[in-house]
Amino acid sequence: MEVHQLEILRELGALGSVKAVADTLMVTPSAVSQQLAHLQRTVEVPLTRKEGRNLVLTEAGQVLADAGAAVVSAMADARGALGTYHGSPAGRVTVSGFHSAGQALFAPLARMLDRPEHPRIELSDEDVAQQDFPALTARYDLVLAHRMDHSPRWPAERVAVIPLAHEPLDVALPAGHPLAQKETVTADDVGAEAWVTSHPGYSPADVLSAVAALSSREPNIVHRINDYSTVAALVAAGGVVGLLPRYTAGPVLNPDIVLRPLEGISTRRRIDLLARPENLKRRSVVMVCEALEDIMAGLVKQG
């Protein structure tokens, strides 16, 4: 039996005729009769009987109608509770972010939402290979993800995508490096340098592969580090160059490092929010999205 069938049975008991039920529920009399017939097949005792031209409830039918009324009421309460949950701005929202996004965005986000009437955020760091970000939406309401322009698009049939930024990766040089005097550098300029880069499957390693292809030099990779703060410290110490994101590297930069755009290579990565579509129906989740958009817009403006 289904809730709408119980609702029809309840209305029949109250209104006394199939036509009155049909008029009330704005359906045809045949649709009412059909649903009553489906309901009757699920129980072993008669639920209705003919009384002249009218169809009325038997005693068993009235018992089921009364029970059905409780079910309908409970369903209305459940829908109301769900509506409150969806509409509440103060709900719990889980957010994951890759390391550089977390360093740049998490603290401002926590400050911005530090009010009782705002969402209660729970933050986690998840630095995975690009193709593994969509799967994280099973565990988090919002997933900060990145991919290079040439990488496969996110699976739109599985996740909703909210773009945040189109961020270049710049060459990070020690402040005293000869190339620091240039406004931009090329693959030929940096192809012979010693590098600190990421592990394979992450954005800096992808860019360095393009540098190697254009400069026709096998890259001299000294260190493989995914954490940008460690990359920045190694570059500042001298002896290696690296790649750092232009907008989100602010927390790890220091006066001993300069960033220079890399000419002739697409170095941009897309920073997006990924979410399951149903999560974006919650007001609390939308508020966190809007806050992250505002924070990222500020970083882009500064960059």
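The report below takes the helix pair and then the cavities.

This is a predicted model, in which local features need pLDDT of at least 70 and side-chain atom pairs count only at pLDDT 80 or more, while totals for chains, interfaces and linings use all residues. Residues are numbered from 1 along each chain as its sequence is written, and side-chain values use heavy atoms, with hydrogens and water left out.

The axes of helix H1 (residues 3-15) and helix H3 (residues 29-40) cross at roughly 110° and come within 9 Å. H1 is therefore roughly perpendicular to H3 (angles of 65 to 115 degrees count as such). The contact (heavy atoms within 4.5 Å) involves His4, Gln5, Leu6, Ile8, Leu9 and Leu12 of H1, together with Val32, Gln35, Leu36, His38 and Leu39 of H3. By class, these residues are 7 nonpolar, 4 polar and no charged.

The structure also holds 2 cavities of 30 Å³ or more, a cavity being a set of points on a 1 Å grid where a 1.4 Å probe fits but cannot get out, with lining residues having an atom within 4 Å of a point.

| Cavity | Volume | Lining residues by class |
|---|---|---|
| Largest | About 100 Å³ | 4 nonpolar, 6 polar, 2 charged |

The lining of the second largest cavity includes Val196, Thr197, Ile225 and Leu243, and strand E7 (194-197) and helix H8 (228-237) are the elements that give two or more residues to it.

Technical notes:
Axes fitted to C-alpha atoms, helices over the stretch in contact; angles between N-to-C directions. Helix = DSSP H or I, 4+ residues; strand = E, 2+ residues; numbered from the N terminus. Parallel < 35°, antiparallel > 145°, perpendicular 65-115°, else oblique. Nonpolar A, V, L, I, M, F, W, Y, C, P; charged D, E, K, R; others polar. 1 Å grid on protein atoms, 1.4 Å probe; cavity = no way out; pocket = protein on both sides within 12 Å on 5 of 7 lines; lining within 4 Å. Points joined across faces, edges and corners; volume = space filled by probe spheres on them.
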